[in-house]
Amino acid sequence: MKLFKRTTLIMIILAIITTLICNIQSNFYISSISAIANPPKVGVLLFNFNDPYISLVKQSLENIEKENPNKVKFYFFDGKDNQAIQNADVDNFIASNIDLLLVNLVNTNQITVSDIISKSSSKNIPQIFFNIQLPIDTKISTNKVFVIATNSKVSGIMQGNILVDLWNKNKNAIDKNNDNVLQYIMLQGKTNNKTAINRTIYSISTLNDNGIKTQELALKVCNWEQDCAKNAISSLFLKYGSNIEAIIANNDAMAIGAIEALQAYGYNKGDKTKTIPVVGVDAIPEALELVSKGFMAGTVIQYPKDLANALYSVGLNLVYNRDPLYGTDYKLTKEGTIEIPYYKYTEWYKLKAKYIKF
């Protein structure tokens, strides 16, 4: 009988403790949820509204908000390619008790990244860096910081592969001076930007790894801008003319600018004998149209809608203290990071009705 009473008492005590713990956890969860705006307020910091690809990401996020009423509210701020402006926007968002920060940085240096992480973490505001590659030394020591990254090496490799395919299929049309060397002009995004540097390096190394010798005629840094690229190629064409056998641009905006310049000289208008292969990255609509017409050799796709969906899904998981990948099919490529895949797009692949995943 005594044993029965002791067992019953212990069970009652355990039940009381379990109930108390559940109540504490429930109250904590309710209090944390109640502190979140309804719908959650999400600050979206973009490096430049005028960038064609970023404008498509912004449009995709706006569509998500429309398709999910009362689930999220996005507030967009334009960094105007100026880190000082973006820093001020970060401060304003944090002061306004935003629920989530989505950050597409102007500058990806270690000091800037660490400063933003420190500011938002001090207020326990979750944040996602996106469409960038963080510096190698960046330490993410909190579950409130996440990265939706791009693999710029892969995009560079794909650009190189597009040119390798063209060279192997129609070398005589490309190698105009028959010296077995591909003479090219490189249009680079920024000088100290890791994405731009990787695309520049790996596009050329891919050509070389496939047995194609290369010679750089010129490298022009154009800050991702179409007009700069147009002016640069207009000037360089006067110097090199038909000796230019390819133009490699770190993004589509610069590739489009290059094609505009070439067309002013009668090139890249459909005549195969007067076409210089131009490749870009982003697959913005204007570039896809140029590819379909045969005016542009190819581009590398990272769907803006895919990126926007990842920002929305992972972002709300962070807001509600869930596992970042809850309810998604994403896989971590390293701690706190997922990558959105690239695909290459050329006229040949368009005719085959395929997107080829790397």
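How many aromatic pairs does the structure hold? The structure holds 5 of them, where rings of Phe, Tyr and Trp (its six-membered ring) pair if their centres lie within 6.5 Å.

The views show a predicted model, in which local features need pLDDT of at least 70, side-chain atom pairs count only at pLDDT 80 or more, and totals for chains, interfaces and linings use all residues. Residues are numbered from 1 along each chain as its sequence is written, and side-chain values use heavy atoms, with hydrogens and water left out.

**View 1. The aromatic pair of F237 and Y267.** The ring centres of F237 and Y267 are 5.2 Å apart and the planes stand at 65°, so this pair is edge-to-face (planes over 60 degrees apart; under 30 counts as stacked and the rest as tilted). F237 belongs to helix α7 (residues 226-240) and Y267 to the loop between α8 and β9 (278-279), so the pair ties together parts 30 residues apart in sequence. Helices (H or I, at least four residues) and strands (E, at least two) are DSSP runs, numbered from the N terminus.

**View 2. Helices α8 and α9.** Helix α8 (residues 252-264) packs with helix α9 (residues 285-293) at an angle of about 50°, and the axes are 9 Å apart. Axes are lines fitted to C-alpha atoms, for helices over the stretch in contact, and angles run from 0 to 180 degrees between N-to-C directions. The angle makes α8 oblique to α9 (under 35 degrees counts as roughly parallel, over 145 as roughly antiparallel, 65 to 115 as roughly perpendicular and the rest as oblique). D252, I256 and I259 of α8 make the contact with E286, A287 and L290 of α9 (contact means heavy atoms within 4.5 Å). By class, this contact of α8 with α9 has 4 nonpolar, no polar and 2 charged residues (Ala, Val, Leu, Ile, Met, Phe, Trp, Tyr, Cys and Pro count as nonpolar, Asp, Glu, Lys and Arg as charged, and the others, Gly among them, as polar).

**View 3. Helices α3 and α4.** Helix α3 (residues 83-95) and helix α4 (residues 110-122) have axes 10 Å apart and pack at an angle of about 10°. This makes α3 roughly parallel to α4. Q83, N87, V90, D91 and I94 in α3 meet T112, I116, K119 and S120 in α4. The contact of α3 with α4 has, by class, 3 nonpolar, 4 polar and 2 charged residues.

**View 4. Confidence along the chain.** The mean pLDDT (the predictor's confidence in each residue, from 0 to 100) of the chain is 88, and 84% of its residues reach 70 or more. Over residues 17-34, pLDDT stays under 50, and the model has 3 contacts beyond four places in sequence for them.
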